[in-house]
Amino acid sequence: MKILTPLQKFGTNLVQAQPSSDGCFDCVTPPETFSNLLHAAAPVLALAPMQDVTTLQFMRVLDRYGGPDVYWTEYFRVHGDSRPEKWILDSITKNPTGKPVVAQLIGNDIPALVRTAKLLQQHPVAAIDLNLGCPAPIVYRKCAGGGLLREPERIDAILGALRDAVTIPFTVKTRTGFSSPAEFDTLLPIFAKHPIDLLTVHARTVAQMYRPGVRYDLIAQAARELSCPVLLNGNVFSAAQAQQLLAETGVCGLMIGRGAIRNPWLFEQIRAQLRGEKIKLPTGRDLLNYIHELWDNEITPGVRESAQVQRMKKFTNFIGEGIGEKFLHDIRRVETTADFWRVCETFIDHDEPMTLEPILPPNKDGLPEKFPL
Ligand SMILES: Cc1cc2nc3c(=O)[nH]c(=O)nc-3n(C[C@H](O)[C@H](O)[C@H](O)COP(=O)(O)O)c2cc1C
């Protein structure tokens with residue numbers, strides 16, 4: 001299979017953006033760019049939406065490592081009198097990457113969802129996405145995000161209204177069910193009924209949260225049964241595994257979240273793997289440089305030192321899963337900048353290659369759950 005770079009994929013249809021004087025790209029995500037990506041021969045690589053992580057700053061850092069083909073915003077909270085959150089809107093209007101950005105919504109109030117979708121599609125967004133997966137109790141108890149999976153008729157009504165209102169691509173990100181993966185059989189016909197442009201499946205139930213037992217077979221079922229493209233999401237953390245999942249499930253691409261925080265080289269490693277090239281592993285010192293870049297981008301002048309260190313823990317909690325338990329133990333306890341860097345340097349100031357694959361807790365048999373399929 002010939003793997004094309006994002007630019008080659010688009011050919012002459014690409015609107016090649018030029019950064020303005022402040023380094024931002026203007027209006028770089030015409031929806032047709034996104035549609036071309038979804039229907040290209042090469043698999044699409046997407047960064048998963050992650051609240052408090054997939055900010056403008058993180059997008060900027062990730063793109064320096066090659067980055068995904070398409071970004072998702074964290075969700076805009078939608079209710080009766082909501083307005084799109086400014087910091088999320090910034091990741092669209094000041095998108096520093098030149099790649100498409102999909103705007104994600106969470107909520108269940110149909111008029112508010114329609115109003116917000118119409119408003120957002122006036123900005124340079126590649127698509128409007130509906131969140132049907134958030135497992136946070138504060139969200140699902142209000143019957144939003146993953147909570148909606150308990151009310152399929154309500155999903156049906158929301159999809160109908162949004163599909164009518166959204167004039168650019170309209171996509172959905174779902175889990176496989178609320179309490180049981182058996183619910184997926186009820187959900188699929190609803191997704192099939194509305195002409196959505198893409199379904200992303202995080203192959204866990206809401207009740208499962210992030211525990212092992214990812215059902216890639218259900219994603220393969222969605223790819224077989226739906227006429228729209230399907231993106232696979234959940235526990236993708238290595239190039240070899242990515243290639244295997246693409247081959248086995250028939251999806252149009254992969255959406256990667258925590259694996260990309262942990263290993264910003266992952267998207268490029270997957271591209272190399274698909275081209276049949278040898279994967280280049282970063283060294284400990286490369287990882288240290290990445291953490292320095294995150295720090296430089298996340299730093300807010302005037303913010304308390306402890307708050308800054310706290311902010312970095314949002315990233316090191318995930319990065320640490322690729323380093324080891326002792327690092328995680330120590331970094332979780334630091335409070336000062338000096339201690340933060342002392343711990344990082346103790347563990348990763350070296351030239352050894354690192355796979356950055358997660359060290360997961362042991363399964364019920366006491367074995368490390370390396371491939372939690
Ligand atoms: C910190 C964090 C924040 C998240 N925020 C969102 C979100 O705003 N919208 C959403 O659809 N999913 C959100 N997710 C779920 C991810 O998009 C993704 O579905 C999940 O992490 C599984 O993919 P992964 O195994 O590649 O991380 C979040 C996940 C994490 C870890």
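## Ligand shell

The residues of the shell around the ligand comprise 8 nonpolar, 10 polar and 3 charged. The structure is a predicted model. In total, 21 residues surround the ligand, and the closest are Ala 48, Pro 49, Met 50, Gly 257 and Arg 258.

Two named elements contribute to this shell: strand β2 (71–77) and helix α11 (258–262) each supply at least two of its residues.

## Helices α13 and α14

Two packed helices are described by the angle between their axes and the distance between the axes. For α13 (residues 284–298) and α14 (residues 305–319), the angle is about 155° and the axes lie 10 Å apart. Angles over 145 degrees count as roughly antiparallel, so α13 is roughly antiparallel to α14. The crossing of these two helices is right-handed.

On the α13 side, the contact involves Ile 291, Leu 294, Trp 295 and Glu 298; on the α14 side, Arg 311, Met 312, Phe 315 and Ile 319. By type, the contact residues of α13 and α14 are 6 nonpolar and 2 charged, with no polar ones.

## Helices α5 and α7

Helix α5 (residues 110–120) and helix α7 (residues 152–165) cross at roughly 30°, and their axes come within 10 Å. Angles under 35 degrees count as roughly parallel, and α5 and α7 are therefore roughly parallel to each other. Their crossing is right-handed.

From α5, the residues Ile 110, Leu 113, Val 114, Ala 117 and Lys 118 meet Ala 157, Ile 158, Ala 161, Leu 162 and Ala 165 of α7. The residues of this contact between α5 and α7 divide into 9 nonpolar and 1 charged, and none is polar.

Definitions and conventions. Residues are numbered from 1 along each chain as its sequence is written. This is a predicted model: local features need pLDDT of at least 70, side-chain atom pairs count only at pLDDT 80 or more; totals for chains, interfaces and linings use all residues. A residue is near a molecule or strand if its C-beta atom, placed from the backbone, lies within 6 Å of it. Helices (H or I, at least four residues) and strands (E, at least two) are DSSP runs, numbered from the N terminus. Ala, Val, Leu, Ile, Met, Phe, Trp, Tyr, Cys and Pro count as nonpolar, Asp, Glu, Lys and Arg as charged, and the others, Gly among them, as polar. Axes are lines fitted to C-alpha atoms, for helices over the stretch in contact, and angles run from 0 to 180 degrees between N-to-C directions. Angles under 35 degrees count as roughly parallel, over 145 as roughly antiparallel, 65 to 115 as roughly perpendicular and the rest as oblique. A crossing is left-handed if the near helix is turned anticlockwise from the far one by less than a right angle, and right-handed if clockwise. Two residues are in contact if their C-beta atoms, placed from the backbone, lie within 7 Å.
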